[in-house]
Amino acid sequence: MLPRAVEITRHALALVVSLSAPALAAGVIAGLAVGLFASVTRVQDGLLASLPRLVAVALALSLTGAVGASAIVRFTHDLWASIPTLVR
């Protein structure tokens, strides 16, 4: 039972990483672009620092949300279906 639990945990962590990667990448890229723009123009505004990152992460989540939701549903379905074999 322990190797199966480790496999399930590994799969869950891989799913979390793969689902969060697009949003994290979009936030990092937007943050770097805003930081470069702010340093070139010497504009230091709080809204300028956070709004583009928020928009980029929201856009990334809206583009990858359906795929992520179906992956989570598939994982949950497989997990619930494997409960009888885990109990033995």
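## Basis

The model is predicted, so local features need pLDDT of at least 70 and side-chain atom pairs count only at pLDDT 80 or more, while totals for chains, interfaces and linings use all residues. Residues are numbered from 1 along each chain as its sequence is written, and side-chain values use heavy atoms, with hydrogens and water left out.

## Helix H1

Helix H1 covers residues 2–41, 40 residues in total. Helices are DSSP runs (H or I, at least four residues), numbered from the N terminus. From its first C-alpha to its last, H1 reaches 57 Å, close to the 58 Å expected at 1.5 Å a residue; the expected span is 1.5 Å times one less than the number of residues. H1 bends by about 40° at Ala21, where the bend is the angle between axes fitted to the seven residues ending at a residue and the seven starting there. A proline, Pro22, follows within four residues of the bend. After H1 comes Arg42, with a positive phi near 60°.

Ile8, Leu15, Ala23, Ala26, Gly27, Ala30, Val34 and Ala38 are the buried residues of H1. Buried means under 20% relative accessible area, exposed over 50%, and partly exposed in between (1.4 Å probe, protein chains only). These buried residues pack against helix H2 (46–81) and helix H3 (83–87); contact means heavy atoms within 4.5 Å.

Ser82 lies in the loop between H2 and H3. Ser82 counts as buried because its relative accessibility is 7%. Not counting residues up to four places away in sequence, Ser82 touches Arg4 and Ile8.

## Largest pocket

The largest pocket has a volume of about 160 Å³. On a 1 Å grid over the protein atoms alone, a pocket is an open set of points where a 1.4 Å probe fits, with protein on both sides within 12 Å along at least five of seven lines. Grid points are joined across faces, edges and corners, and the volume is the space filled by probe spheres set on the points.

The lining consists of Arg4, Glu7, Ile8, His11, Leu15, Ala71, Arg74, Phe75, Asp78 and Leu79, where a lining residue has an atom within 4 Å of a point. H1 and H2 each supply at least two residues of this lining. By class, the lining has five nonpolar, one polar and four charged residues. Ala, Val, Leu, Ile, Met, Phe, Trp, Tyr, Cys and Pro count as nonpolar, Asp, Glu, Lys and Arg as charged, and the others, Gly among them, as polar.

## Contacts around Leu48

Leu48 is found in helix H2. Leu48 is partly exposed because its relative accessible area is 22%. Leaving out residues up to four places away in sequence, Leu48 touches Val34, Phe37 and Val43. Phe37 belongs to helix H1 and, at 47% relative accessibility, counts as partly exposed. The C-alpha atoms of Phe37 and Leu48, 11 residues apart along the chain, are separated by 9.6 Å.

Ala38 is also placed in helix H1 and is buried, with a relative accessible area of 11%. The C-alpha atoms of Ala38 and Leu48, 10 residues apart along the chain, are separated by 8.2 Å. Ala38 is in contact with Val43 and Gln44, leaving aside its neighbours within four places in sequence. Ala38 and Ala23, 15 residues apart along the chain, have C-alpha atoms separated by 22 Å.
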